[in-house]
Amino acid sequence: MEPQKSMPVGGLRTDEDAYRDAFRRFLAGSDEKDATHAYLDQVVRGLPARRVLIDVGPADGTTTRHLSPSFERTVCVEPSEPMRRALARTCPGARVLPDPVLQARPGVRADLVLLSHVLYYIPRSEWVVTVRHIIDWLQPGGTAIVLLQDPDNACMRMVRHFTGVRFDLEELRSELATDPAGPVGGMRLDTVPARYRTVHLEEAVSTAEFHLSVPADRTERPHPARHAVQEYVQRHFRTPAGVYTIPHDQEVLRIERSVPR
């Protein structure tokens, strides 16, 4: 099917069904979940206790379902009603809160809080207060994990090219480190490699559009036309073998709450 030449990028966020479909297609061509789950398994093994998991913005619950068996209780914070319906099928034993993260009150202390690819949807001015909020949910010795794409990977260079937006967890780490109300434990920044691959141009363009629809904070730049995104994909992501490869390594900010002496 011929791509629509004048279709603007960015409409996916106003249509949750289309957005979820685009998200699923992206994950189907990416090794992100396998790499992320392997990293998180390592984190879980190192926790001093595994009583409560809180997953903020778990989407359809694929990662929640992977992690839940390691914990006695699972709480999800998911304001999207379609995603809550998916969660009910994927993680029927989880307690699900419908509130935005800053309004959520889980009422339990967690050993692991996961904030995976959520900060894209939160204004940059609210990042520190959001992360401080989830740190407050941790047990002493617990860990908060914040994931975003590496700002310098090929995918995020494309996002910055078209939108002017940059997401940088190193900046967040620095702000938390100098914030007197910030985390009381240690922090580290890790990288988890990820690649999206497809032999179909249409799928690669749809994946590019999905990422361009995400930023909450945008410049005044107009949404790019589909043909402009297609040209970018062909120029930057097509290999000599005809495979479209989009590197999208992830950054992981790992925050540990200290144990009182």
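I started with V108 and looked up its partners beyond four places in sequence: V108 is in contact with V52, I54, R73, V75 and W137. I note that this is a predicted model.

**V108, continued.** I checked where V108 sits. It lies in the loop between β3 (95-97) and β4 (110-116). Is V108 buried or exposed? I found V108 buried, with a relative accessible area of 17%. I then looked up L53, which is 55 residues from V108 along the chain. The C-alpha atoms of V108 and L53 are separated by 9.7 Å.

**Cysteines.** How many disulfides are there? I counted zero disulfides. A disulfide is a covalent bond between the sulfur atoms of two cysteines. The cut-off I used is a pair of cysteine sulfur atoms within 2.5 Å. For C76, the closest cysteine sulfur is in C91, 5.7 Å away, so it is too far for a bond. I also looked up burial. C76 is buried, with a relative accessible area of 0%. C91 is buried too, at 7%.

**Helix α7.** I moved on to α7, residues 169-177. Which residues are buried there? I listed L169, L172 and L176. Seen down the axis of α7, the buried residues fall within an arc of 55°, so they line one face of the helix. An α-helix has 3.6 residues a turn, so residues three or four places apart point the same way. I asked what the buried residues of α7 pack against. My list reads α5 (127-135), β5 (138-149), β6 (187-192) and β9 (250-256).

**The start of α7.** Last, I looked at D168, which caps the N-terminal end of α7. A side-chain oxygen of D168 lies 2.9 Å from the backbone nitrogen of E170.

Methods:
Residues are numbered from 1 along each chain as its sequence is written. This is a predicted model: local features need pLDDT of at least 70, side-chain atom pairs count only at pLDDT 80 or more; totals for chains, interfaces and linings use all residues. Side-chain values use heavy atoms; hydrogens and water are left out. Buried means under 20% relative accessible area, exposed over 50%, partly exposed in between (1.4 Å probe, protein chains only). Helices (H or I, at least four residues) and strands (E, at least two) are DSSP runs, numbered from the N terminus. Contact means heavy atoms within 4.5 Å. The arc is that of the directions from the helix axis to the C-beta atoms. A polar contact is a pair of N or O atoms within 3.5 Å; within protein, one must be able to donate a hydrogen and the other to accept it, and residues adjacent in sequence count only if both atoms are side-chain atoms.
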